[in-house]
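Let's take a friendly walk through a structure, one piece at a time. Keep the picture beside you and look for each part as it comes up.

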Amino acid sequence: MTELLKVSKLCIGLKPQTFPIVKNVSFALREGTSLAVVGESGSGKTITCKSIMQLLNPKTFQVSGSIRYRKTELLTMDEKGIRALCGSKIAMIVQNPMTAFDPTVKIGAQIVETLMAHQRISKRDAYASGILALQKMNLPRCEQLMDSYPYTLSGGMLQRIIIALSLIHEPDIIIADEATTSLDVKNQNMVLDELEKMKRNGIALLLVTHDFGVAAKLADNVIVMREGKIIERGTVYDIFESPREAYTKELLKASILKRGNCID
Amino acid sequence: MFRYIRKRLTNLIVVLFGVTVLSFLLSNISPVDPAEAYARRILKSPAPQKIEEIRLKMGLDLPLYQQYINWIGRCLRGDLGSSLLTKNPVNYDIAQKLPATMQLVAIALFWILISFIPIGIISAVRKNSLFDHLIKGVAILGISIPSFWLGFLFLFIFAVTFPVFKVIDYGNIKSLILPSLVLAIPTASSFVRLFRATVLSNLNKDYVVYAKARGISSNRIVWGHVLKNSLPPIVTLFFQHLGYMLAGSAVVESVFSLKGIGLHLLNAVTARDLPTINGCVLVIAIIFVLCSILADVINMVLNPRITDKEEGLYE
């Protein structure tokens, strides 16, 4: 299995004093596998993910180390190159679907825009494939959805649209940053099912979560982060059966208390 | 949307009622007696009986509410009375003076429009760059310089030192370039500052991050999404300033010797020409309120969420 994504010695600091937020983080994501980055709020997991797509403001954050997608270094890539990768080869599912779309532009236009950013396609064709992508997600009344403004839709609906958008260019890697956090239980399960389907279809998943339940359901490997450092790593069985760090045990306990049915 | 516009038009009537009552009251409680002022204007030293005669003729002996009802009744029939100063009907005077000011304000608004959007956006995108710092300085200067001084400065530079324009010039667009710039600069400066701040706050929104993650180019994000989201507050302000400029063009008009409504109103105030004052205030108030309705309609097109909120479809 080839390594799709290799992060090595990633350090992220807050400018101007380069106050360290992420310290010496290294991990790899292989084809068709999934990796969960687990940790409490403020442990640096979201920042780590954002740095992969160069979503951090370079004026605020100092990023060093190396992030490779296949053979290409992403950290030093120019804006044009990284945008070509984002949304096509590497796609993202965001934490808060309610605020992810421009509130003043209809869903359809935003889907068309995404398609046209990555391929030579006419507006009409893009619109048609947008509808198709939504239909694949089992969304109801897709034509009407395309003509809706984001604020008229529910969070679960929007998250499904985001998932549809993430799959639209058949990516190698999907980064799911707390993709279930802001949703209700029904929609959480829907998102988890979709992520599982993606995994079965051979897409590598990078899951960022504070919820061990999500990790247990989807991940092959787990890394546990705390205060910007990786404090424990292993296969999902290692971590669940025999966690070494006290912090990991604590997180596990909290998670099991919350949703005991998830570890099976 | 149409329901909303209808609602606003109903509001217009209420606002205009308030404006007319206020301006009527204020001009009536002022210490100068209009009958006496009028009498002194037509006769050198009027006898007290003569003044009383005029007062009766002008209907100034009636109770205040009766005077107001008479006046508003005539207004509704399109008769704003006659100017004490020029003896022309007030309508006629306003129709003579308003177009010049409208033209002036329109050109000024054009300057504002083409300057603040690109400058504000570039300033925000390149925050803390040399350009940004320069613009910040220039904007503060633009806000704080009094417009009469700026007007004389422009005349001195562009009409005296380098005679590109004439000091006194009427009737062509060229003659309006300098005055419109003077009128535009303070407003444009404050717009640049506000717009830069709005764009900056929008650049940090979630939708910008997700658009990047979808692979949308920075240019498209800024000029498509961020611009559209940053406009509503400035649109409201823009149309408000249109009203301010119409009403407050007097300074610029007097510096550049333009015969517009601002100067006309100023002259009426100094001459205690009540019919003209009330007429001008009424016309400016109507324009003001219409502008604010226009601003709301444009904002609804920019951000449909506002419409739905107003109509109670969305909460």
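Which residues have the most contacts inside the largest nonpolar core? This is a predicted model, and in it that core has 136 residues. Those with the most contacts inside the core are A:A36, A:A176, A:L205, A:L207, A:A215, A:V222 and B:C280. Helix α5 (residues 90–125) of chain B gives the largest share of this core, twelve residues. As background, nonpolar side chains tend to be buried together in soluble globular proteins.

Let's take A:V222 as an example. Setting aside its neighbours within four places in sequence, A:V222 is in contact with A:A36, A:V38, A:A215, A:R233, A:G234, A:V236 and A:I239.

**The two chains**

Here are some values for each chain.

| Chain | Helices and strands | Span of the C-alpha trace along the principal axes | Buried residues |
|---|---|---|---|
| A | ten helices and ten strands | about 55 × 45 × 35 Å | 44% of 264 residues |

Chain A contains ten helices and ten strands. Its radius of gyration is 18 Å, close to the 18 Å that the globule rule gives for 264 residues, so chain A is as compact as a globular protein of that length. Of the contacts in chain A with a separation of 6 or more, 64% are between residues 24 or more positions apart.

Among the contacts in chain B between residues at least 6 apart in sequence, 71% join residues at least 24 apart.

**A helix with a buried face**

Now find helix α7 (residues 185–200) of chain A. At 1.5 Å a residue, its 16 residues should span 22 Å, and the end C-alpha atoms are 22 Å apart, which agrees. Which residues of α7(A) are buried? They are A:Q188, A:V191, A:E194, A:L195 and A:M198. Seen down the axis of α7(A), these buried residues fall within an arc of 125 degrees, so they line one face of the helix. On the other side of α7(A), the residues A:V185, A:K186, A:D193, A:K197 and A:R200 are exposed.

What do the buried residues of α7(A) pack against? Their partners in chain A are α6 (155–167), β7 (173–177), β8 (204–209) and α8 (212–218). After α7(A) comes A:G202, with a positive phi near 90 degrees.

**Details of the backbone**

A:P16 sits in the loop between β1 (3–14) and β2 (19–30) of chain A. The peptide bond that joins A:K15 and A:P16 is cis, with omega about 0 degrees.

A:E178 is found in the loop between β7 and α7 of chain A. Phi of A:E178 is positive, near 50 degrees, in a residue other than glycine. Is A:E178 buried or exposed? A:E178 counts as buried because it has 20 C-beta neighbours inside 10 Å.

In chain B, phi of B:K87 is near 65 degrees, also a positive value in a residue other than glycine. B:K87 lies in the loop between α4 (64–76) and α5 of chain B. With 10 other C-beta atoms within 10 Å, B:K87 is exposed.

For a residue within a helix, look at B:S201, which belongs to helix α8 (residues 174–203) of chain B. B:S201 has 13 other C-beta atoms within 10 Å, so it is partly exposed.

**Where the chains meet**

Finally, turn to the place where the chains touch. Here 19 residues of chain B are in contact with 26 residues of chain A. On the chain B side, the elements that give two or more residues are α9 (206–213), α10 (218–247) and α14 (304–310). The largest share of that side, six residues, comes from α9(B). Sorted by class, the side of chain B that touches chain A has eight nonpolar, six polar and five charged residues.

Key: Residues numbered from 1 in each chain as written. Chains lettered and ligands numbered in written order. Predicted model: local features only at pLDDT ≥ 70, side-chain atom pairs only at ≥ 80, totals over all residues. Helix = DSSP H or I, 4+ residues; strand = E, 2+ residues; numbered from the N terminus. Buried ≥ 20, exposed ≤ 12 C-beta atoms within 10 Å, placed from the backbone. Contact = placed C-beta atoms within 7 Å. Nonpolar A, V, L, I, M, F, W, Y, C, P; charged D, E, K, R; others polar. Expected span 1.5 Å × (residues − 1). Arc of directions from axis to C-beta. Core = buried A, V, L, I, M, F, W, Y, C linked by C-beta atoms within 7 Å. Rg over C-alpha atoms; globule rule 2.2 N^0.38 Å.
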